[in-house]
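Please look at the sequence and the structure first, and then read on.

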Amino acid sequence: MSDKPDKFIDDNGLRLDGRRVDEIRPMKIDIGVLSRADGSCYLEWGKNKVLAAVYGPRTLHPRRKQIPDAALIRYRYNMASFSVEDRIRPGPSRRSVEISKVSAEAFEPVVLTKFYPNTVIDIFTEIIQADAGTRTAAINAASIALADAGIPMKGLVSACAVGKVDGQLVLDLNKDEDNFGAADLPVAMTQDGEITLIQMDGNLTQEEFKEAIEMVRAGCMEILEIQKKALYTKFGDDSSFDLTEEDLSDIQADEQLIDEDADNPANEDDEGIDEPEDIDPDEKKINEEEELDGESDEQ
Ligand code: UDP
């Protein structure tokens, strides 16, 4: 680990990497980089390098894990052993399990899971190179991969962290600021500014906290524009990613219909798309093996 710098912000108000306190690192997004995934994204953010792949919706096995009126969002955050200075032991860790759980929850308010009962939407995120802010980088990449997979969503999710160094709030911490700073507050939000993930390390006063939320909101909105621009560039600038009030009320009406359908006793025997014939023999074998292993499907 590098030594703690004497100062994080110089006399001109610039950080060690030359950024202003409210400036995010440069972000680059490539869409559809993996041919076997339904949707994928490669994202670079400063020195972070992240891959996201989305598969599904597909029938969830084992069946006991199915949600009868919604798709399950399964999210895996993984850091490659070589992504950090000190090699990471491969396999799930307490940290990666926690990040996977909260990241899945960050997408639940936007993905229209009710349209796909008994299925799973798998989101895999792999950190290839880490330099702080990897959970937020992974969420930004996953959001694009979901859109690339054509998963219906109320909007994109954008994520960024804010923290505190030298007694000042700074947006989008780099590694030194993350390691030696006084606070780290990663946040994910919808395009309407609804917070879907918030975590915090360290301490902030109430005033600082309020200011930090405003700062990170501006950061997320800037990232949202970068995400949208990447999607427009790939799929054409037809504004179809911007849901109107009318679109949202149509979605609500559809969701209500699905709820009413589920509540109707006449539909009790309807088991949706979960017919045994639908199971891909390879997938069935994998699922049976997983069951035998006693492995958790959460990862
Ligand atoms: N890190 C590391 N080893 C680990 C976990 C993290 O070297 O086992 C580094 C990595 O560069 C990461 C940074 O510390 O990006 C900050 O980690 P944190 O847990 O705050 O998550 P992040 O900010 O990446 O979401």
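In what follows, Ala, Val, Leu, Ile, Met, Phe, Trp, Tyr, Cys and Pro count as nonpolar, Asp, Glu, Lys and Arg count as charged, and the others, Gly among them, count as polar. The model is a predicted one.

With these classes in hand, turn to the largest pocket. By class, its lining has 11 nonpolar, 5 polar and 11 charged residues. The volume of this pocket is about 620 Å³. It is lined by 27 residues, and those closest to its centre are Met79, Arg95, Arg135, Asp178 and Asn179. Helix 2, helix 3 and strand 8 (183–190) are the elements that give two or more residues to this lining.

Where does the ligand sit? The ligand is in the largest pocket. Two or more residues of the shell around the ligand come from each of helix 2 (134–148) and helix 3 (175–180). In total, 13 residues surround the ligand, and the closest are Arg95, Ala132, Gly133, Thr134 and Arg135. Sorted by class, this shell has 5 nonpolar, 2 polar and 6 charged residues.

In alanine 132 it is a backbone N or O atom that lies 2.7 Å from a ligand oxygen. In arginine 135 a polar side-chain atom is 2.8 Å from an oxygen atom of the ligand. Aspartate 178 also has a polar side-chain atom to consider, at 3.2 Å from an oxygen atom of the ligand. The ligand on its own has 500 Å² of accessible area, and the protein covers 77% of that area.

The backbone is the next topic. Most residues other than glycine have a negative phi, and most peptide bonds are trans. Which peptide bond is cis with omega near 5°? That bond runs from glycine 56 to proline 57. Proline 57 belongs to strand 3, which spans residues 48–59. Another cis peptide bond leads from histidine 61 to proline 62, with omega near 0°. Proline 62 is placed in the loop between strand 3 and strand 4 (72–79).

There is also a phi angle to look at. Asparagine 118 is not a glycine, yet its phi is positive, at about 65°. Asparagine 118 is located in the loop that lies between helix 1 (94–107) and strand 5 (119–129).

Note on methods: Residues numbered from 1 in each chain as written. Predicted model: local features only at pLDDT ≥ 70, side-chain atom pairs only at ≥ 80, totals over all residues. Heavy atoms only, no water. Near = heavy atom within 4 Å. Polar contact = N/O pair within 3.5 Å; in protein donor to acceptor, adjacent residues only side chain to side chain. Areas by Shrake-Rupley, 256 points an atom, 1.4 Å probe, with all protein chains shown as cover. 1 Å grid on protein atoms, 1.4 Å probe; cavity = no way out; pocket = protein on both sides within 12 Å on 5 of 7 lines; lining within 4 Å. Sits in = over half its atoms within 2 Å of the grid points. Helix = DSSP H or I, 4+ residues; strand = E, 2+ residues; numbered from the N terminus. Points joined across faces, edges and corners; volume = space filled by probe spheres on them.
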